[in-house]
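Please open the model in your viewer and keep the selection panel at hand. The stops below say what to select next and what is there.

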Amino acid sequence: MSYLARRLLTFPLVMLGVSILVFVAIRMVPGDAITAMLGTEAGLLTSAQRAALAAYFGIDQPILVQYWKWLLGVFQGDLGISVTHGKPVLSIILERFPLTLQLALMSMCVALAVGLPAGIFAATRNEKLSDLGVRIFAMIGQSTPNFVVGLLLIYALSAGFGVLPTMGEFTPFLTDPLRNLGQMILPAVTLGFAFAASVTRISRSAMLDVLSDDYVRTARSKGVPKMSVIWRHALPNALIPVVTLSGVEFGYLLGGAVLVEQIYALPGLGRLVLEAILQRDYALVQGCVLFIAFNFLVVNLLVDLLYVTLDPRIRLGEGG
Amino acid sequence: MSMLRAIFSHPSGRIGGTIVVIYVVVAMLGMFGITPHNPLQQYRIDRLHAPSMVYWMGTDLFGRDVASRLMKGVGQSFLVGVSAVALASIAGTVLGLTAAWFGKAWDGIVMRVMDVLLAFPAILLALLIIAVAGPGTWTSVAAIAIVYMPIFTRVVRGPALSIKSREFVDAARTFGSSRRYILTHHLLLNLVAPLTVQVTLALAWSLLTEAGLSFLGLGTQPPSSSLGLMLADSRNLMETAPWLLIFPAITIMISILGFNLLGDALRDILDPKTRSRTA
Amino acid sequence: MTSLLSVSNLRVGFGRDPARNEIVKGVSFDLAAGETLAIVGESGSGKSVTALSINRLVDFGGGRIIGGSIKLTRADESILDITLAKEPMLEKIRGSEIGMIFQEPMTSLNPVLSIGTQIEESFRLHRGLTGRQAIAAAKDALDRVRIPDAARRLKYAPNQLSGGMLQRVMIATALACNPRLLIADEPTTALDVTVQAQIMALLGELKRETGMAMIFITHDIGLVAGIADKVMVMQAGQAVEQGALGEVLDRPQHPYTQHLLSAVPHFESGRAARTDFTRKEKETPALDVEGLVVRFKVKGGFFSRAQGSVHAVENVSFKLMPGETLAIVGESGSGKSTTARAILGLVRPTRGSFATHMGSIADATDPSVQMVFQNPYASLNPRLRVDSILAEPVIAGGGRVTAETREKMKALLKRVGLPEDSLDRYPHQFSGGQRQRLCIARALMLNPSVVVLDEAVSALDVSVQAKVLELLVDLQKEFGLAYLFVSHDMAVVERIAHRIAVLYAGQIVEIGDAASILSNPQHSYTKRLISAVPSIDRRNQRFEIDTRQVPSLVRPPGYEPPEAQWREFGPDHRARAEA
């Protein structure tokens, strides 16, 4: 079976596993299901009201039936109702998602724009001073949590230049692109910082590996000029691990958004999860987690597709 | 002994090793309460005192000594990190090793479950676990351990599979060596190197995550001190009392850097393929 | 004849302090246009470094030329000292005036680019060809190396071609711009013997067609005879002897050359076969293999249905007598290693039975059959000490490690020629040859009657090979061991085998007395295999280029091969009848 077919087959399987895990996790909240669903307000209910609600939500049915009904609902876009917002979970998520997606994409751009050139530059100057500089940057970048980066950035800006990042009302990109970008650039740099460091490290080491491969020696023996060796022969091979990393790190970006949105007071999906957890709005937690995991899996699938176009060894379904 | 010498003759091993040693000493002091001041004592007349001979790193809004709280916090995050990594590495190693050895259905089940766990962005899975179990120190340990376990499983399974097909394992089978002997003497013994590296890197990662969780108010709960909480408290005071931000921030950065550097050095030392490059 | 290349007193070092870590220590030679120089040496002799210095690729591997000169006469008659040339000049020369091919064709082509793109590149760089012209030129280049169906193959990715085909692609690339010098660095070492013979024949023909000069690096002095005009023998960074081919091969002056020529096994068409054993058919065999069949299911399609089986070993039977060596020879994919692994229980046979004098072997392991593996670096656990390694078979057999066991370890180590203090050391402290001796000692710990040697000397340097073979023969006589010796190397087989079984596509095609088979092969495959073996004797024979492929071993489900018909060619020599 080809690599691609196998990937397409495991996708729904893993997604199913994710849904079970999320469903079961929320059922494991201490206290009964009504509390889980309604949060703290459940304490005000009478036992008759509880029973009525249980029947209404189908909680009195066996757990498998409950799961099946819930799953059917999920397929129809019904992620339940948020108690704190009084709206369907999906509509709240879709309201908040564009911001987080924009943040993740911008961070990714920042990371790739900084990390790739830095990594390649360092690899071609192995063991020289500039290489050392790049490696130190990458090491520090990887060791600094993004909320620390964010706090230090805010402090440096306010202490050094007396500027405070625009914390005011968030402006969607389509309303006022310039104002939006002005608000988003710092968060994007904050979130992309560690990612840039890992891209640097991975592209450096991948490039170093590839440059010592036999086919690079062959290219040189043909008289291929240095720049062409790097860009034409080495880079396509070195990009393969960078692409893998980007897929994995995209999930990290979605997760990291929780902290960064918190620091910059951005009303994105990450902040929504956090609020939902703090307010014990379990339907919302469940919906958000499921939604983010789904997106993460889709991105990884896309990365695999990209992989296949990059590497004929996978495309042709043979072992390398 | 020769391992220590190798670490300290490696440039990043020397720096990383030193940081880690200092970190562990500070963590131990903090854990056992050997601090300059009582970290919970509120010196009300000295609120927001700048760093001085008495308060090395200043005091916070309640007049508590930052240096003492920092040491206590380091001890706290070290405790969380070590427990979480111990759990994750033992569980991950057992799962990865058995998955590689028995293959077939067991391998399939283990790896699909790991795929499911890896389908969540790490911090999100940790948040989900905390949402269910409620915030707290031991919930953080469990959350970090569960999130990191799949990584150990993969780190063990890959090399275990390749060692399993090495000729010395074939040789062992031709003698009729027992399964237990092969698993312990051939597989596990050769996995010590990648595991050591991974444990160090996992410690760095768990420090990072623990700080993040407490920063969000979902890890260690006040009045216990933790680096993440201290940073969260500093947010509104950073202009008037920057020491509240700077010292914990630098402590987090340097300690994670130390474990990362040590991990890199160990990888170089233990993996002959990369050793030739740096030598 | 004018000199094309003149190397004098070349010195190359590596690392931070190249002067202290000298690998090539003052090598000089001259090469005229159209001439072929063979550089012969064992690993670490500096032969490859010398070759890589000529087009200065050595710079990229961390090497530095620290002395001497390499003077190349260019096409326009000007003379260039390559040691002093700058990188842009070198880029112009590489590919257009000096082409190079390497040892590992599988890894020497870029996996993400089609082979057409990689051949075209040379034309684009040095000839300025673009578009259709470049594609047409690439197709011609593939035609020139006799790759059938060239136009279609241009679009292939490297992983779609076999090693032999890839080496032809490499040659096509290297010769694209008709360089006047081709450097071939062990170009056939990674290939099967018959493929090697074809590549050698191809190189010979191309040399005649283009009139290029060639530097041919090899560890196999037997290979030199068919292609070289001049030979240079290297040892530890120095050229110990050089001269015309006949001079060096027939009247070697330096002791090292004499050693290479005498101590190293050369194929002698059965004249060097062993005669120290007479087979008594009545005796109980040490190992009796009857109708061994090994098939691996091929799964495919969306639901992993079995689509057929790889018939890796098909109905293999033989009897191995005590004190006898049976060599199983064949090329990669012939099923020879699978046969060995099935006997040891590492692969589950589909059918067939084995019996030793202890009784039939079912699933359990039989201590009377032991194995020595090909790669001495992979067959010893790097994290165990030698005493633990030697103790393992004893522990596995349920025994305890006693003082007596330790005495036995010491005695065996001494017997295989290892120092007394070896017990407390780790495998990485031994050389390849010593490790293989360790493996032999380990195999003897349980007093086996049969030792299976799977390519046991193939990974060793040639002169080490000879010594290990000698040890094996001595041990066989001393302990009355029966050997099942699996190998692809006919020269080695000739030195150790009493009988030979030739395996082709999973089946025995010829079996019998070693001298008889080697001197008078009957099956067409055996003939092809033997004529492909490079030898000093037959240096002037031509080998025909043959583009036949090994037949596919994948068969539909339920396929059973027809019953074999055998023809007898002597008291102990029979071959499978061919259609």
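Begin in chain C by selecting C:S53, which lies in helix α1 (residues 47-54) of that chain; helices here are DSSP runs of H or I with at least four residues, strands are runs of E with at least two, and both are numbered from the N terminus. With a relative accessible area of 0%, C:S53 is buried, where buried means under 20% relative accessible area, exposed over 50% and partly exposed in between, using a 1.4 Å probe and protein chains only. If you now show its surroundings, leaving aside residues up to four places away in sequence, C:S53 touches C:L10, C:V12, C:V58, C:I65, C:I70 and C:I82, a contact being heavy atoms within 4.5 Å.

Before going further, note that this is a predicted model, in which local features need pLDDT of at least 70 and side-chain atom pairs count only at pLDDT 80 or more, while totals for chains, interfaces and linings use all residues. Residues are numbered from 1 along each chain as its sequence is written, chains are lettered from A and ligands numbered from 1 in the order in which they are written, and side-chain values use heavy atoms, with hydrogens and water left out.

**Domains of chain C**

Stay in chain C and colour its domains, which are domain 1 (3-97 + 179-263), domain 2 (114-178) and domain 3 (287-368 + 446-534 + 541-576), with bounds that come from an automatic or database domain assignment. The C-alpha centres of domain 1 and domain 3 of chain C lie 37 Å apart, and their contact takes 20 residues from domain 1 and 16 residues from domain 3. About 1600 Å² is buried between these two domains of chain C, with carbon and sulfur atoms giving 57%; buried area is the accessible area (1.4 Å probe) that two parts lose on being put together, summed over both.

Which residues of domain 1 of chain C lose the most area to domain 3 of chain C? Select C:V193, C:T194 and C:Q198, which together account for 34% of what the domain 1 side buries. Across this interface of domain 1 and domain 3 of chain C, the rule finds zero salt bridges, a salt bridge being a side-chain nitrogen of Lys or Arg within 4 Å of a carboxyl oxygen of Asp or Glu. On the domain 1 side that touches domain 3 of chain C, α7 (193-210), α8 (221-224) and α10 (255-263) of chain C each supply at least two residues, and α7(C) gives the most, with ten residues.

**Chain A against chain C**

Next, show chain A beside chain C, where the contact takes 26 residues from chain A and 33 residues from chain C. The area buried between chain A and chain C is about 2600 Å², of which 57% comes from carbon and sulfur atoms. The count between chain A and chain C is two salt bridges, and A:R232 forms a salt bridge with C:E121, with the closest N and O atoms 3.2 Å apart. On the side of chain A that touches chain C, two or more residues come from each of α1, α9 (214-221), α10 and α13 (312-315) of chain A, and the largest share, seven residues, comes from α10(A).

**Chain A against chain B**

Now turn to chain B, where 40 residues are in contact with 48 residues of chain A. Between chain A and chain B about 3900 Å² is buried, and carbon and sulfur atoms give 79% of that area. One salt bridge is counted between chain A and chain B: select B:D264 and A:R201, whose closest N and O atoms are 3.1 Å apart.

**Inside chain A**

Finally, select chain A by itself, which has 13 helices and two strands, and in which buried residues make up 51% of the 320 residues. Its domain assignment gives domain 1 (3-75) and domain 2 (95-310), and 34 Å separate the centres of these two domains of chain A, taken over C-alpha atoms. The contact between them takes 19 residues from domain 1 of chain A and 16 residues from domain 2 of chain A. About 1600 Å² is buried between domain 1 and domain 2 of chain A, with carbon and sulfur atoms giving 79%, and the count of salt bridges between them is zero.
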